[in-house]
Amino acid sequence: MDKADTRHDERKATETNRDRVRRLLFNPLGFRFPKGTGEAEARATLDRIADELAYMRDDALETLARSMRLQGQGKARNFWPERATFVFFAHLCQKLPLEQDPKLLSWFASIEGQRMVQDGTLVETWDYFEDKRIPPATPQARAKVLAEAQDAARRVQIVSEKQAAGWYVDPREAEWVRAYLTRRDRMLALLDHVRTERAASATAGAA
């Protein structure tokens, strides 16, 4: 291993995700803040953006840097873009994993989480989030999610009853049910995780 490889490995071992975003995204851009912006405020602003984009792969960050070069603010287009601009272009390069989406996590942690369990709509709510990136909060959206969940429940019931009776089950339908139940179990695990974290945060805040 040559010295360049050694230095690369050492940097990888000590570099935080925030540092990685700075190296691959902020440093190549080289924008600046308006006059009068304090050093602490400027660093905090970029740190918040870096933390929000830390989920991105290296290659996605490099692509994002190329996209952001034309998004500078001000007359000279050399001021840092707003956070929303970074997030918009970041999602074009690499979407935020749904498991980390604050809107979904908040929805799961709220009373809606228990409602999803009671109504059997965990998988369908996840699919709605994945498609729309917003919760199914309107009456129309709730009705759509519930109808899809009821249809899925009927398919699961039919396959389960056939299997219990020893009847023939279409392999494709059996595989669909298996995959659906696996996803449902994953949603339940995520729901439990979110609730546990929310409870721990509330306890720490009250201490």
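Colleague: Is Arg 178 buried, partly exposed or exposed?

Modeller: Arg 178 counts as partly exposed, because its relative accessibility is 47%. Keep in mind that this is a predicted model.

Colleague: OK, and which side chain does Arg 178 meet in a salt bridge?

Modeller: That's Glu 175, at 2.6 Å from N to O. Both residues sit in helix α10, three residues apart, which is about one turn of the helix.

Colleague: What about the exposure of Glu 175?

Modeller: Glu 175 is partly exposed too, with a relative accessible area of 40%.

Colleague: Are Asp 47 and Arg 22 buried or exposed?

Modeller: Asp 47 and Arg 22 are both buried.

Colleague: How many salt bridges does the structure hold?

Modeller: There are 19. Another one pairs Asp 127 with Arg 183, where the closest N and O atoms are 2.4 Å apart.

Colleague: Where do Asp 127 and Arg 183 lie?

Modeller: Asp 127 is in helix α8 (residues 122–132) and Arg 183 is in helix α10 (residues 171–206), so their pairing ties together parts 56 residues apart in sequence. Asp 127 is partly exposed, at 29% relative accessible area, and Arg 183 is partly exposed as well, at 26%.

Colleague: Helix α8 also has Glu 124. What is the nearest side chain of opposite charge to Glu 124, and how far away is it?

Modeller: It's Arg 183, 6.9 Å away. Glu 124 is buried but has no salt bridge.

Colleague: Then which side chain does Glu 124 make a polar contact with?

Modeller: The side chain of Tyr 180, at 2.8 Å. Leaving aside residues up to four places away in sequence, Glu 124 touches Val 145, Glu 148, Ala 149, Ala 152 and Tyr 180.

Colleague: Last topic, helix α6. Which residue caps its N-terminal end?

Modeller: Asp 101 does, with a side-chain oxygen 2.9 Å from the backbone nitrogen of Lys 103.

Colleague: And which residues in α6 are buried?

Modeller: In α6, which covers residues 102–109, the buried ones are Leu 104, Trp 107, Phe 108 and Ala 109.

Methods: Residues numbered from 1 in each chain as written. Predicted model: local features only at pLDDT ≥ 70, side-chain atom pairs only at ≥ 80, totals over all residues. Heavy atoms only, no water. Buried < 20%, exposed > 50% of the residue type's maximum accessible area, 1.4 Å probe, protein only. Helix = DSSP H or I, 4+ residues; strand = E, 2+ residues; numbered from the N terminus. Polar contact = N/O pair within 3.5 Å; in protein donor to acceptor, adjacent residues only side chain to side chain. Salt bridge = Lys/Arg side-chain N within 4 Å of Asp/Glu carboxyl O. Lys, Arg positive; Asp, Glu negative; His and termini not counted. Contact = heavy atoms within 4.5 Å.
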